[in-house]
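Visitor: Could you walk me through this one? I'd like to ask as we go.
Guide: Go ahead.
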Amino acid sequence: MPVISIDNLVKTFGGIRALDGLDLRVEAGEVHGFLGPNGSGKSTTIRILLGLLRHDSGEARVLGADPWRDAVRLHRRLAYVPGDVSLWPNLSGGEAIDLFGELRGGLDRRRRDELLQRFDLDPTRGCRTYSKGNRQKVAIVAAFSSNVELYVLDEPTSGLDPLMEAVFQDEVRRIKQAGATVLLSSHVLAEVEALCDRVSIIREGRTVESGSLAELRHLTRTAVIVETARPVTGLDALPGVHDVREVDGRTHLEVEPAHLDELLGQLIRFGVRALTSTPPTLEQLFLRHYGDERVAADDPESAEAQRAGTR
Amino acid sequence: MTALTGTRRLARLVLRRDRIRLVIWVLGTPLLGYALAGSVAGIYPDEAARQGYATTSASSLVARAFNGPIAGTDVGAVVVAETYVTLALIVALLSTFAVTRHTRQNEETGRAELLGASVVGRYAPLTAALLVVVAANLAAAALLAVALTGAGLPLAGSVAAAGAVGGVGVAFTGVAAVTAQVSVTSRGANALAAAVVGLSFVLRAAGDVLGDTSADGTRVESGWPSWLSPLGWGNQVRAFGGERWWVLALPVALLLAGVALAYALAERRDQGAGLVAPRPKPATGAAWLLSPAGLAWRMQRGTLLGWAVGIAVLGVSMGVAADEFNAMIEQNPAAAEAINAMGGGADLVDAYLAAMLGLFALTIGAYVVQALLRIRGDEADGVLEAALATAVSRTRWLGTQVLAAALGTLALLLLAGLTTGLGYGLVTGDPLGEAIALGGAALLRLPALLVVAGVVTALFGLLPRRSVVLSWTALLVFLLLGQLGAVLELPQAALNVSPYTHVPSVPAVDPAVLPLVLLAGVAAALLTVGVTAFRHRDVPS
């Protein structure tokens, strides 16, 4: 049974459709990356999963229960780190951590002290005086020092320095090893690549891509720039080769990973002098997804043309 | 001067942000003044009535303490005595809150940092706020002068009276400029400024009580403490009683001194910092803190302590004054008759004590609103979201806040009754007996305050975004109905809107159970509505 399952989720705020038929499935024991540009509905989805917002239609289940009706029971089994942590200004960091832990049903004191040390956080300072990064650390320490089945992390590392980012990644691996499930919403794609087993990409309240990183990579093309002794011909006839362009005497093209072999076979005949091949990063995948669709959406004529072409 | 670069732009921003508040302020004060002047003039139409009013006011220390020194038998003098203190307090608080809102609150929220990084001089935000608030005070004063003249009062006196009210606003603008530099939080800055307002009130009351009565018995010359109080200066202008125009220079001087001090402090501190360095706090949460109730107590205790100190001081003074009131009545049968007509009770001291307890109940209403609106602040900050993502239900979270506010109210009411009784008993020789009797009488006000709590809770549940403004508005309406409803001769149906109207005025009358039960029922219904609505709405919204 999936830990999180969302089907056709719709949530509107006034006239704005924040979620428009979103699907999401997170299996037990996996670290699931949740990606999307600002305003695409990530935080709204997470708030519905936490029973803070009530959805209009569709279905959302967390750990087999209804997040709105069974909120309190569910919250004993999950920990949440918001993207923009705000704390009670007159409490100290240590007090805030203990309060969150206790409200959640108890925390592991030994882990708490260890995490404070690892994240280099001074618990005696007032929350009012913390920087954004330090407030984020308070929420992370509070979440990771409780032993729960599910961690919901909404852009948890925004404001952390690279050193702390590394500590954070270690901690995510630790809780994964302990068997917990993690939903990680993030803009740091390197972090997602390093940690996540599977990712879902959403846009304008809908899921546009979901799968393991390998699967997603498979869907994307490798960018190749090649300089040859003689002008290359016959590329258009090759399967899986796209966007061939000549720029400053070099050939730029994109190729589907499955057809890389055929491409190299063809190029070799023209005397390769230099070749760079850039495997698709998550970032490219992400940008491609948004870049392409945005162009289409911004330009009704080309969108019209595309539709006409497929007909 | 580069330190002021961008002031005009920022002033426009202040005007834009406060366009509705400022209009209400600038138009509301004169309108209130006009309405009050008209009805007071109607109540005291002839010289004989005003003569009686003036001699009573001058001989009653209670009237001096609450209405200030009477400046003769002109209609205007009576209007000033009846309205000046209320208007001055309103203007003083409006001015301080407005200054804090556009200075310290911006720093607290981080907005000032964004502004400070743009082409804006160091003093520009403070200067812009002060300019707008002073301008609002001047505009309101000018309109008030027009309104008073329009109500048929002499021109010179109208201008002086309006200047007196405006001067209070200007003076406290200077005070708030300083408190906004001292405290790190806007709440703290407002509390400090409000404490100065309170101190001014006490100094003025003391000076006016200590003052001398003129030979004809219709004027009071205040003692020296009144001259230390910006609230007192307004009375010293003596509008409608031989105006002393030079006194209007005092608030301007205080404003300039405050602004100079504020600039000096702003120069010496970092943005976002106050004047007190932060100390290390506990590294771990004490066991009592780690629950919704513990957190509520932790959040409330400072506020409660401040309220408790204020109420205790005021309670004892009111109680002691009650006996003095008794002595005054014995000397002055005419005054006794007048007050008897106003109070309505058989025993005049009991009527006085009941009125004082009613005033306390109104004031404690502000505590109720303040305490309950904290949860809305938490929601707007985002911390409520984090709290509700833990294993605590919404009902428990909100219920705990309501319970904490109710217990705080109970404690403050009890304290108000006990200290008033203690003060009265100390003079009459039965401190314990009076304390117990008035403590019990004070507790009868609890159901009305629970209705206030219910109103705030219902607004928080149903209209969260508007709850702050609407809650304070509701309390203000209750206050105006209670304090001025009778003066304005409003119909009973309007007065019935306020829960305070339904409280039996113990000890002046015998306690009645039915209205208390009904009030409690209304409170319970409102609280249920609020909690239910909160359970079914989005957080944050």
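Visitor: How many bridges join strand S10 of chain A to S13(A)?
Guide: Six, with S10(A), residues 222–228, and S13(A) running antiparallel. This is a predicted model, by the way.

Visitor: What is the bridge partner of Val224(A) in S13(A)?
Guide: Ser277(A) is the partner.

Visitor: And what order do the strands of that sheet have?
Guide: The order is S11-S12-S10-S13 in chain A; the sheet is open, has four strands and pairs antiparallel.

Visitor: Which strands stand at the edges?
Guide: S11 (241–247) and S13 (272–278) of chain A. Each has a single partner strand, so one side of each has no neighbour in the sheet. On average, neighbouring strands here are turned by 15° against each other, ignoring direction.

Visitor: Which helix packs on the sheet?
Guide: Helix H9 of chain A, residues 260–267, which touches S10, S11, S12 and S13 of chain A. Its direction makes about 10° with that of S10(A).

Visitor: Now the three-strand sheet. What is its order?
Guide: S2-S1-S4 in chain A, an open sheet with antiparallel pairing. S2 (16–26) and S4 (57–62) of chain A are at the edges; each has a single partner strand, so one side of each is left without a neighbour in the sheet.

Visitor: How many bridges do S1 and S2(A) pair over?
Guide: Eight, in the antiparallel sense, with S1 of chain A covering residues 4–13. Among the partners, Phe13(A) bridges to Ile16(A) in S2(A).

Visitor: What lies across S1, S2 and S4 of chain A?
Guide: Helix H1 of chain A, residues 42–49, running at about 65° to S2(A).

Visitor: Change of topic: how is chain A divided into domains?
Guide: Domain 1 spans 4–213 and domain 2 spans 221–279. The centres of these two domains of chain A, taken over C-alpha atoms, are 43 Å apart.

Visitor: How many residues does the contact take from chain A and from chain B?
Guide: Chain A gives 29 residues and chain B gives 26 residues. Helices H2 (71–75) and H3 (93–104) of chain A each supply at least two residues of chain A's side. H3(A) has the largest share of that side, eight residues. By class, chain A's side has twelve nonpolar, eight polar and nine charged residues.

Visitor: Last one. Where in chain A does pLDDT stay under 50?
Guide: Over residues 294–311, for which the model has four contacts beyond four places in sequence. Where pLDDT is low, the predicted coordinates should not be read in detail. For chain A, the mean pLDDT is 87, and 92% of its residues reach 70 or more.

Notes. Residues numbered from 1 in each chain as written. Chains lettered and ligands numbered in written order. Predicted model: local features only at pLDDT ≥ 70, side-chain atom pairs only at ≥ 80, totals over all residues. Contact = placed C-beta atoms within 7 Å. Nonpolar A, V, L, I, M, F, W, Y, C, P; charged D, E, K, R; others polar. Domains from an automatic or database assignment. Pairing = 2+ DSSP bridges. Axes fitted to C-alpha atoms, helices over the stretch in contact; angles between N-to-C directions. pLDDT = per-residue confidence, 0-100.
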